[in-house]
Amino acid sequence: MSTSASAPTLIRNVAVFDGTKLHAPQDVLIDGPVIVAVGPALGTPAGATVVDGTGRTLLPGLIDAHTHTTDTEQLRRALLFGITTELDMGGTPSVARAVREAARERDDLADLRIATTGATAPGGHPSQLVELGLMAPFPTVTGPEDADAFVAARIADGADHLKIFIEDGTAIGTPMPLMSPETIRALVRAAHERGLRTAAHTLTRRSARLAIDCGVDGLAHAPADGPSDDALVEDAAARGVFVIPTLASLTGMTDSPAEYALIDDPRLRPYADPQWLKEIERMRTEGLGDGEVRVGPVSVDARYAADVALRMFRAGVPLLAGTDGTGGAGHPTTHGISYHGELALLVAAGLTPAQALTAATAAPADAFGLHDRGRVAAGLRADLLLVEGNPLADITAVRDIAALWRRGVPVNRKAALLTDGLV
């Protein structure tokens, strides 16, 4: 379903968070897929739709910097919660390409960027998911001599960025092979030569150290196996890496996932996937049943990740909001609703709401070279989120969505409820 904006839209007298700071109430004009003007007392074009922004805040569409996206329903659900772009961190190439192509054509889905197959050693993480029947077999990297061909194959697959798994299995209770530093450096070099950014799966301090030393662009998780020392924080800042803490996913491995509170919020609950909601209610009431296995970290603590992420941020490391959202396999973290838990967890960790919103907008756009989005400015994509109140005073205000545009096209959230049979 391809749609397009038929007439200009003028959002009048709205407070604007531009991706880094809040501006006093002004006007924002959308025409077609782009923002054409931002400023006080803009003229009203003939035939324009006028939206009253009084008492509201306009933000860039949110960006989830770490997901695993396998179908268009996940992107539709994400969009209902204000997420206009997802950055997929690994999956089956043919599936990823098909979902990304659908997102290019349809404005009722969040946009998507993909990694396709992540780089890992033979038998390395996530090979155990193949054994569990949760993933199809995938190519691996034996040594540095394989790096160039591996990255070239990912380019042929359509990858927008490269995922590198730096995981020896200690964090998930399954020791497994780890690529050598020489191999990781060769992968990073091959990716950079082809214009790809790199993000490394790093759950432990050892893997984070290795990723930083080998020149990766970012950590796809904050290390969570214990308290990180100052040297790790300082080196992350000196090397210019970014970090995606994924606190929601780490918390999801405990007995108190963020989602248990999120589903009680009336601003969020109506838009949750009905089947997922039923499963979360069951998990909250009964716990996991016999034979159910949560695939993910089992010997890490989100509090360690929150602590080091905050310290890195204060040292100058960009933080990016991301959920590691998947759904299924006994794990509660999913597309859309979990992102609001991530924002709340970032604020609880010590970020201000403004800093958390930058982590949700401008920071991931900058980190992944998405220069057409992540900010409210003339000439950029009209991926926009209008919320009631001021989320810079209360981060949960971003849950109270008054209007939403994806590439200038209004998103009809009420119609989505009708589709789900909820109204």
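Below is a series of stops, each with something to select and something to look for. Keep in mind that this is a predicted model.

**Stop 1**

Select residues 72-80, which make up helix 1. It's mostly covered, with 7 of its 9 residues buried. Among the buried ones are Leu75, Ala78 and Leu79, and Arg76 and Arg77 are on that list too. Now show the side chain of aspartate 71: at the start of the helix, one of its side-chain oxygens comes to within 3.1 Å of the backbone nitrogen of glutamate 73. Then slide past the other end, where glycine 82 takes a positive phi of about 95°.

**Stop 2**

Zoom in on strands 6 and 7 (the latter being residues 83-88): 4 bridges join them. Which residue of strand 7 is the bridge partner of leucine 62? Click on isoleucine 83, and you've found it.

**Stop 3**

Strand 11 (residues 218-219) is joined to strand 12 by 2 bridges, and leucine 219 has valine 243 as its bridge partner.

**Stop 1: the two sides of helix 7**

Select residues 230-239 for helix 7, and highlight its buried residues: Leu232, Val233 and Ala236. They're on the same side of the helix, because they cover an arc of only 100° around the axis. These buried residues pack against helix 6 (205-213) and helix 11 (302-314). After the helix comes glycine 240, with a positive phi near 75°.

**Stop 2: salt bridges**

The structure holds 34 salt bridges.

- Aspartate 157 and arginine 97: their closest N and O atoms are 3.9 Å apart. The aspartate is in helix 4 and the arginine in helix 2, so the pair ties together parts that are 60 residues apart in sequence.
- Aspartate 107 and arginine 407: this salt bridge is 2.8 Å, N to O. Both ends are in loops, and the pair ties together parts 300 residues apart in sequence. Aspartate 107 is buried, at 4% relative accessible area, while arginine 407 counts as partly exposed at 22%.
- Aspartate 265 and arginine 399: here too the N to O distance is 2.8 Å. The two residues are 134 residues apart, and both are buried.

**Stop 3: threonine 358**

Finish at helix 13 (residues 353-360), where threonine 358 has its place. What does its side chain reach at 2.8 Å? Look for the backbone oxygen of glycine 19. Leaving out residues up to four places away in sequence, threonine 358 touches Phe17, Gly19, Thr20, Ala363 and Pro364.

Methods: Residues are numbered from 1 along each chain as its sequence is written. This is a predicted model: local features need pLDDT of at least 70, side-chain atom pairs count only at pLDDT 80 or more; totals for chains, interfaces and linings use all residues. Side-chain values use heavy atoms; hydrogens and water are left out. A polar contact is a pair of N or O atoms within 3.5 Å; within protein, one must be able to donate a hydrogen and the other to accept it, and residues adjacent in sequence count only if both atoms are side-chain atoms. Contact means heavy atoms within 4.5 Å. Buried means under 20% relative accessible area, exposed over 50%, partly exposed in between (1.4 Å probe, protein chains only). Two strands pair if DSSP finds at least two bridges between them. The arc is that of the directions from the helix axis to the C-beta atoms. A salt bridge is a side-chain nitrogen of Lys or Arg within 4 Å of a carboxyl oxygen of Asp or Glu.
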